[in-house]
Amino acid sequence: MIRFENVTKTYAGGATRAVDDLTMEIDGGKVFGFLGPNGAGKTTTLKLMTGILNPDQGQIWLENVDLLKNPIDAKRMFGFVPDSFEMFERLTGKEYLTFLADLYHVGEKERKEHMDKYLARYELEGAINQPIRSFSHGMKQKLQIIGSLIHQPRIWILDEPMVGLDPASMHALKQEMRDYCESGKTVFFSTHVLDVAERLCDEVGIIHKGKLIARGAPETLMKDDMVSTLEDLFLNLTGKEKEKA
Amino acid sequence: MIPYLKVLIRQRLAAWNPVSFQSAKKSKNRSIVSFALIMLSMVMLYAMLVALEYFMFGAFQQIGEPETMLALAGILCTLMTVITSFFYVLSELFFSKDVTFVSALPLSSREILTAKLLRIWLGEAGIALLICLPVTVLYGVSQAMGLLYYLKALLLIPFIPMVPIAVITLLSFVLIRASALWKRREALTVVMSMLFLVVYLWGEMQFTMSSQKDDISAAVLQLVLKQKPLLDMMAGLYPPIRWFSDALTQSGHMATANWLGFAALAVAALTAVVLLVGGTYQHLAIKQNETLTRLNATARRSVDRHGMRTPFMALYRREIREIFLVPTYTMNCLASAVIFPIIAVITMMSAGKAGSELAMLPDLLKLVPGVLITAIATGVFALTSNLNLAVATSISREGVRHEFFRTLPVKPQTQLAAKLMMGLTLNLLSGIPMAIVLMFVLPAIRAELVIGFLCSLLFSTATSTASLMIDVAHPKFGWKNETEAIKQNGMATIAMFGSMAFLVVCGAAFYGLHALGLHYALTLLAVCAAALGLDVLLLRRLTGKAAETYILQEVQI
């Protein structure tokens, strides 16, 4: 479960409201797609819920743990895949995963099991003992995905996870996201790939200029707006907002 | 080729634009002030160089050879180009980010190399002008030279760096050729850099230790006289430097011939290098870039280890590994572990020479109270620890990865403790070689050295903790390369000088307490107890307020 309550984040001394009074709750066992145009506030929201940024006001709960009051326990609840790979490029892939496993107190047996399973799934076994900086963009992305799952978090947060992945890996990731939520855990991801969101998500939220302008099951939202695709819905909603502006 | 050269020059000039110092956090005015301060410090450094040249010129005038100073300036420029441009040429030619991009442009390999070398030369020519102009003016004024002399000098000085650049380029090709296929390329860079540092330091100490007089003019004169054969030897080894000074000091056809000879040689050297290796440049640069990709194709044997560590140990290991894996960090954090033992060895070697004042050192030490020697040793070891920038830049070095650390379910106290422990470990690595060397060369005071070393840990813990706290409060996250994170980090420099000032204060307190009648042993005990108290206070502050500040720092670039 993820809960935002009146979360606001401003930049440039309050001049820009990147996230504006965001309130929403996402239940466990769901894949939630977070959509929005460039600069709408998606990444800022993800950074707020992972503790990277501090909200100016509001509260965030992850599995009923208050992120601001109890950040360490809250951070144990999630695994995060950021949108860019600014990691420890001189470590080998194996060293990076071991490092994460140590930080999340993952036992020897579990870490071996998880590493073996995910390395095989994402076909990284051959490169895992090489320095990360020798990896391609897609390989780095796969490594981040594996790293975010090493402790089997209750909440899996991904920022634009499909970027740079080959079709097979993209398929594996989508399958992984579905399997993950079916085991009662929550998947929260941002994306620009609306087709994927439409097919994969139990719920989507559309953010525009920091405000949540729509939220619900994709089918329900499309039916309410009398459109046949999520893309049409997205363009309608963000277009209307533009007109209002 | 010209458009590419223009872009290269424009990029270089842009780095000097005050607006480029601006970040999201800094206002335009603050950026300009920062720029002005940097410029001021550079002007001060330059003033020091001008003063040195002024004194040296005076010394050469005293011995009736002012023109030798022109040759010396030329030699200095040549050597400076060799020293400063070695890594610069290497990184510009083979490690720059545009290697693959440029490969896709309709430019020949020789054109790319020519553009890059011309850009490097323009930068070095500017430095050469800065170094040589004060001497040129001093000579011109003292000899009442005409306008033609200044014009000739202005047009000839920029040619000086061409030959050293050509030689360095050839060397870099050989090095890359040899190391491109080698996996441990960075280790090679570190080893070579350290060797280079050792040779440079040895040379400089040999040069400067020859004078011990207090009067600066007399010292410069003595230095000049003692090193005159060395200068003659250098000029002998590199005859064109004679053409350079003769071109400026003589007149008539001989001067013209020397001028043309020097300029032609410089241009010919650079052209020859472009013709000789230009054709293979692009191939080699791309091959160098591919080294990492090739590593993937030959996966190493998997080490099937899944041993657990505590988060503290995991973070500590990562911090230590980073220092050893990034050559820039290794060079800046561990150089003192190499430099100080070498200084100690060279000093002691000089002490062994007959007639040297240092030869009396072992006998002199017998007359000094043991506790005083312990106190001096404490200061020396604490000072060597302060010169590594590892802990003072440990937050800044996170860069944008600070966002990753903010997501970790690890207390900020633990994260800072791991950084501090890394800093203290490096302090030990810097101090231990020095301690071993000193114990070996001064066996009579081994006990004092050991106690002094242990006492110094109290002081280095305080300075390291304080440096870490400064970095917590003012991290530099917005760096683009590792040099910016560690070497061009103003707050780290302030922390280093602050630590030195702290040691001076401790030394003054030691002296003051003894002057008040306290016994040396009690004085040392009192100062160490104060340092211990400060350690406790600073550590409490680090795990309290500083830890809160650390985890709330946002990356704003």
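1. Basis. The model is predicted, with local features needing pLDDT of at least 70, side-chain atom pairs counting only at pLDDT 80 or more, and totals for chains, interfaces and linings using all residues. Residues are numbered from 1 along each chain as its sequence is written, chains are lettered from A and ligands numbered from 1 in the order in which they are written, and side-chain values use heavy atoms, with hydrogens and water left out.

2. Six-stranded sheet. In chain A, six strands form an open sheet in the order S6-S7-S8-S3-S9-S10, with mixed pairing. Strands here are DSSP runs of E of at least two residues, helices are runs of H or I of at least four, and both are numbered from the N terminus; two strands pair if DSSP finds at least two bridges between them. At the edges are S6 (78-81) and S10 (211-216) of chain A, each pairing on one side only. From one strand to the next, the twist averages 15°. S7 (155-159) and S8 (186-190) of chain A are parallel and share five bridges; A:Leu158 has A:Phe189 in S8(A) as its bridge partner.

3. Helices on that sheet. H5 (137-149) of chain A packs on the sheet and touches S6 and S7 of chain A, its direction making about 175° with that of S6(A). Contact means heavy atoms within 4.5 Å; axes are lines fitted to C-alpha atoms, for helices over the stretch in contact, with angles from 0 to 180 degrees between N-to-C directions. H6 (167-182) of chain A lies across S3 (31-35), S7 and S8 of chain A, at about 150° to S7(A).

4. Four-stranded sheet. A second open sheet in chain A has the order S2-S1-S4-S5 and antiparallel pairing. S2 (16-26) and S5 (65-66) of chain A each have a single partner strand, so one side of each is left without a neighbour in the sheet. S1 (2-11) and S4 (57-62) of chain A are joined by five bridges, and A:Phe4 is partnered by A:Ile60 in S4(A). H1 (42-49) of chain A lies across S1, S2 and S4 of chain A, at about 120° to S1(A).

5. Cavities. The whole structure holds three cavities of 30 Å³ or more. A cavity is a set of points, on a 1 Å grid over the protein atoms alone, where a 1.4 Å probe fits but cannot get out; lining residues have an atom within 4 Å of a point.

Terms used: 1 Å grid on protein atoms, 1.4 Å probe; cavity = no way out; pocket = protein on both sides within 12 Å on 5 of 7 lines; lining within 4 Å. Points joined across faces, edges and corners; volume = space filled by probe spheres on them.
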